[in-house]
Amino acid sequence: MFSVRTLLPGWRRWARRLRPPGAAMLAAVGLVLLLEAAAASAAASIPSCRSTVSLSSASARCLLRRDAVLGLSSWCAVASPAAASLDGVPDVGDMYAARKKLAPVIVKGFKQLEAAGAVEEDWLVDTLPKMGKAMGLWGAMQRRSQTPDKFSRTLQKDAAAFEKVAKTKDFQATMQSFQAYVDDLPAVGPGGPGKLNFDDPLGVPPPSSGLSRLELELMNKPANR
C-alpha cells in the first residue's frame, strides 16, 4: 500500500539531486502525484471510514493537490534565489539579503582580476561564471517597478557584456566593461543604494559614489507641463 511515510523519503532523495528552478518544479509535480496515489490507496483500504468522512475522495485529492502545490511553490521560490528575487519591487530587507549574498561574490571576483593584472584562464573558469551571475542578479534588484525596467535591463546588459568581453582576455577592455556596470548602479532606490562598497561588500557604499548615468538623466529630464 502507498503511504506518505514510505514515499516521501525517496522523493526527497530524488529532489536533492535536482537543481532549480525548472527541475524543482518537476519535483513538485512528482510529489503531488505521489500524494494523490497515497490518498487514493488509503481511501480504498479503509472502506469502513468512508461514511464518516464528509469530503468525497475526489474532493480530498483536490485539497491534497492544492496544499501540495501551494507549499511546494514556496519551496521552489526559496530553492531558486534568482526567481525569488525577481518578484515585486525590492524593499530594504530584499536589498540587504541580496547584498549579503551577491556583493561579496562581485567584489571578490573584481579584486582577483585587478590583482592579477590580466584575465587568467583559471579566473575565467572558476570565478567569471559566478561573478557574472551575481552581477546580473544584483542588477535585477535595482528595478523601480514590479517588472524589469530601464535600470534593471541596463545593468543586466552590462553584466552580460562584461562576461563577453572578459572571455576575449583583453584586460583593459574587461576593466572598462566592469566600470560601466559599476557606474550604472543607482545610488538611490526603493530598497536602498545599489552602489557597491569595495572596502566592505556588506556595508553601505560611501556617499562619494555618485549618481548613475540613468539617475542623472532622470534629474535633467524636463518636467512635463
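Which handedness, left-handed or right-handed, does the crossing of H8 and H10 have? The crossing of H8 and H10 is right-handed, the near helix being turned clockwise from the far one by less than a right angle. The model is predicted, with local features requiring pLDDT of at least 70 and side-chain atom pairs pLDDT 80 or more, while totals for chains, interfaces and linings use all residues. Residues are numbered from 1 along each chain as its sequence is written, and side-chain values use heavy atoms, without hydrogens and water.

**View 1. Packing of helix H8 (residues 150-166) against helix H10 (residues 213-220).** The axes, fitted to C-alpha atoms over the stretch in contact, lie 10 Å apart at an angle of about 150°. H8 and H10 are therefore roughly antiparallel (over 145 degrees, on a scale from 0 to 180 between N-to-C directions).

**View 2. Residues at the contact of H8 with H10.** From H8, Lys 150, Phe 151 and Thr 154 meet Arg 213, Leu 214, Glu 215, Glu 217 and Leu 218 of H10 (contact: heavy atoms within 4.5 Å). By class, this contact comprises 3 nonpolar, 1 polar and 4 charged residues.

View 3. Trp 123 counts as buried because its relative accessibility is 5% (buried: under 20%, with a 1.4 Å probe and protein chains only). Leaving aside residues up to four places away in sequence, Trp 123 touches Gly 109, Gln 112, Leu 113, Leu 128, Met 131, Phe 162 and Ala 166.

**View 4. Trp 123 and Gly 109.** These residues are 14 apart in sequence and 8.2 Å apart in space, C-alpha to C-alpha. A polar atom of the Trp 123 side chain lies 3.1 Å from the backbone oxygen of Gly 109.

Note on methods:
Helices (H or I, at least four residues) and strands (E, at least two) are DSSP runs, numbered from the N terminus. Angles under 35 degrees count as roughly parallel, over 145 as roughly antiparallel, 65 to 115 as roughly perpendicular and the rest as oblique. Ala, Val, Leu, Ile, Met, Phe, Trp, Tyr, Cys and Pro count as nonpolar, Asp, Glu, Lys and Arg as charged, and the others, Gly among them, as polar. Buried means under 20% relative accessible area, exposed over 50%, partly exposed in between (1.4 Å probe, protein chains only). A polar contact is a pair of N or O atoms within 3.5 Å; within protein, one must be able to donate a hydrogen and the other to accept it, and residues adjacent in sequence count only if both atoms are side-chain atoms.
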